[in-house]
Amino acid sequence: MTVERRAPNRDARRGWGKEGKGMAVETRARDMTTERQPSEPQLGARLICQALVREGVDLIFGYPGGAVIPLYDVLPEFPIHHVLVRHEQGAAHAADGYARATGKVGVCLATSGPGATNLVTGIATAMMDSVPLVAITGQVPQHVIGMDAFQETDITGITIPITKYNVVIRSVDEIGPVIQKAFYLAKSGRPGPVLIDIPKDVQLAKGYLAPPQPLNLPGYRPTIVPHRRQIRRAAELIRQARRPLILAGHGILISGATEELVRFVERVQIPVGLTLLGISGFPASHPLCLGLVGMHGFAHANRAIHEADVIIGIGMRFDDRVTGRPSEFAPHAKIIHIDIDPAEIGKVLKTEVPVVGDAREALKLLLEELEPLRHDEWIETIQSWSRPIRTAPSGPNGVLQPQYVLERLHVLTEGKAIVTTDVGQHQMWAAQLYKCDIPHQWISSGGLGTMGFGVPSAMGASLGRPEAEVWAVVGDGGVQMTLYEFATIVDEQCNVKVAIINNGYLGMVRQWQQLFHNRNYSETPISSPDYVLLGQAYRMPARRVTRPAEVDEVIQWARSFRGPALIEFVVNQEENVYPMIPSGGSFREMIDVYETQEGEW
Amino acid sequence: MRSHTLVVLVEDKPGVMNRIVSLFRQRGFNIDSIAVGPTETPGLSRITLVAKGDDRKIEQLVKQLYKVLEVIKITDVTDDNLIQRELALIKVNATDRTRSDIMRLVSDVYRARIVDAAPDSLVIEVTGPPEKIESLITLIRPYGIKELARTGVVAMARGSRAVAIGQPEVVA
């Protein structure tokens, strides 16, 4: 029903490229660049849309409201597909998922007041994970700003600490320059969210769209190409290292450095550990890939950090989930830290060789400096430490094990799906067991750890990459935070398969309660709706899996058709994520399943 | 841990101070004094910042400040041969018995000025390095300070080298 209602809009969108109004916009823009003013001044709302089209925007996640009605009034005239979410948080996460899946800037749109504040969690998520996002909010008319007007909120004040930049457009003339600047800031240097607040009177004022200008940003000059001297110092330290280790982070993906990293690793024969957001930046199937490091990283990967004499951090920030207690992190290692953000270098650890610059550029220069090296013995030693994550189909009670689900999902999708996650146990199992070889196929909230991220980000990823099979791996806690976006996923017929790993608990917190709080399961048992009925209510094909023998068949069922599907996997309630380094702990305190009572079966 | 004096040149745009102060609050930097005003270049403001911290903390503060888009240049002038000035207004109790003592102290020793006199109080204006102002306040305190207002420190290095953007305008 809803799908049909939206179909004309989408058809219109397809036609835009060749003829019609999209063309008219282009022509107008070209007229502007030749200094000819169009005869008639345009509504600010139209100028906003034109400026967005000029930035290559063809998809917006948004939700209308009083302060953006003028914008919505003209939006259908433009070659921009608007996705009507069910809550603005969904819009921000969807734009985030879109950005991570495509490398393009994600755009979300909300009205003033509650619309704007509902974006906050999504903006903060994008900030922590360096995701290029432009959030556009309506604002009350300027003459009532500061009067506590209906649906007025100081969204630029609120978002100062969680945006790379934010700005209020105060006149119609600023629309072109501000939007141009916003997109540039969002995607350049260390990417991040930019919020543009647009009072309603600016949307209703008439004016002209200024042609794109060279940007004058004296306070913003990110270093892209690193200093050659620092590269030489890094190369020298790498040459001397006997037990070197690379820690690769999100910067590899952001800068598109996977190919360079593989070449570099193969030349210098240094094993690679991945941060949570580094997953898919270096192929998991590569013999030198150690996989996830940190709190729930693989034992051998964390032990390699502990024994390493040189650590090369590339495009990562030594987050506390990676380091544990910084004073005991990599106690024998000198640190080479490559990052585009100078403020990350030396923030957590004493750094021997700081290298400020783009990860890809740095790797290119390192490839010029370094001859082939070998560390056979070191690599063999690390591999001898390796112990598998346990993936038995069921536990002693015969109940389905969550790890088995993730392992089978990886096998049956041939490792080719885009996987988004929420936050918690299922996220860690997915990080350990869904082996990613394809850049940008892993989309997860790392820094902020935002529950509810999985479903809307899957929707954004799917709309950005319609050809892809997208799996939202979520828990029964997180999914209930944003499951209203099922409606949007169905509206848009996104190829999103939602896999709910249901253990009846807020599992990660329960695990901490079990291990560190004397099994005091305070407020972590959580009930769920009947997800199969819920799926049906949203017109989303849905099934429940309770036995290991059903896993393959139901995953294949979901894959057998295009479009949304929901599977609830009812799994062992008190299964824990191992290995685990307790928060603020060190490698020495690592708990592995084989050393626990649970390891006895 | 020692006091650092930083000169921060910023674009004079709405919300810049808000961003900077928000940054200090969020990241737990302790600021002893902050003073802001226009510079020789239109559109550019100068913030003089005094902050305590070890070198690593101050380095982190500088790096984080640079991430504020409108921040153009930060110079740590702590180790320069520095002129530091602050202005304070001090309203102090004064009786017939104490008035002349205060006035002598103020004008002879501190070369400060009395800018207002009322039957039972005086307002003193004093300019100088923060230590001088501290010292005057200490001496005046026994008389009873009713009100104190300080501007925060501004600073400039001696000699011809300038903390500025680009080349100085050359007048033929």
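In chain A, 54% of the 601 residues count as buried. The model is a predicted one. Chain A holds 25 helices and 20 strands. Its radius of gyration is 25 Å, close to the 25 Å that the globule rule gives for 601 residues, so chain A is as compact as a globular protein of that length. Taken along the principal axes, the C-alpha atoms of chain A fill a box of roughly 75 × 60 × 45 Å. Contacts in chain A between residues at least 6 apart in sequence include 76% that join residues at least 24 apart.

One strand of chain A can be followed in detail. Strand β9 of chain A covers residues 244-248, and five of its five residues are buried. Pro244(A), Ile246(A) and Ala248(A) point one way from β9(A), while Leu245(A) and Leu247(A) point the other way.

The pairing of β9(A) involves two other strands. With strand β12 of chain A, residues 310-314, β9(A) runs parallel and is joined by five bridges. Here Leu247(A) stands opposite Gly313(A) of β12(A). With strand β10 of chain A, residues 272-274, β9(A) also pairs in the parallel sense, over three bridges. The bridge partner of Leu247(A) in β10(A) is Gly273(A). Leu247(A) therefore has a glycine opposite it in β12(A) and a glycine as its bridge partner in β10(A), where a pair of strands is defined by at least two bridges found by DSSP.

Chain B has 172 residues, of which 24% count as buried. Along its principal axes, the C-alpha trace of chain B spans about 55 × 50 × 30 Å. Its secondary structure comes to four helices and nine strands. Along the sequence, these elements of chain B follow the pattern β-α-β-β-α-β-β-α-β-β-α-β-β. For chain B, 74% of the contacts between residues at least 6 apart in sequence join residues at least 24 apart.

Chain B is divided into domain 1, residues 2-79, and domain 2, residues 83-154. The centres of these two domains of chain B, taken over C-alpha atoms, are separated by 29 Å. Between them, six residues of domain 1 of chain B are in contact with five residues of domain 2 of chain B. On the domain 1 side, β2 (31-38) and β3 (44-53) of chain B each supply at least two residues. The most comes from β2(B), with three residues. By class, the domain 1 side that touches domain 2 of chain B has three nonpolar residues, three polar residues and no charged residues.

The last part of the picture is where the two chains meet. The contact takes 16 residues from chain B and 13 residues from chain A. On the chain B side, the elements that give two or more residues are α1 (16-27), α2 (55-66) and β4 (71-76) of chain B. Of the elements on this side, α2(B) gives the most, with five residues. The side of chain B that touches chain A divides by class into three nonpolar, six polar and seven charged residues.

Notes: Residues numbered from 1 in each chain as written. Chains lettered and ligands numbered in written order. Predicted model: local features only at pLDDT ≥ 70, side-chain atom pairs only at ≥ 80, totals over all residues. Domains from an automatic or database assignment. Contact = placed C-beta atoms within 7 Å. Nonpolar A, V, L, I, M, F, W, Y, C, P; charged D, E, K, R; others polar. Buried ≥ 20, exposed ≤ 12 C-beta atoms within 10 Å, placed from the backbone. Rg over C-alpha atoms; globule rule 2.2 N^0.38 Å.
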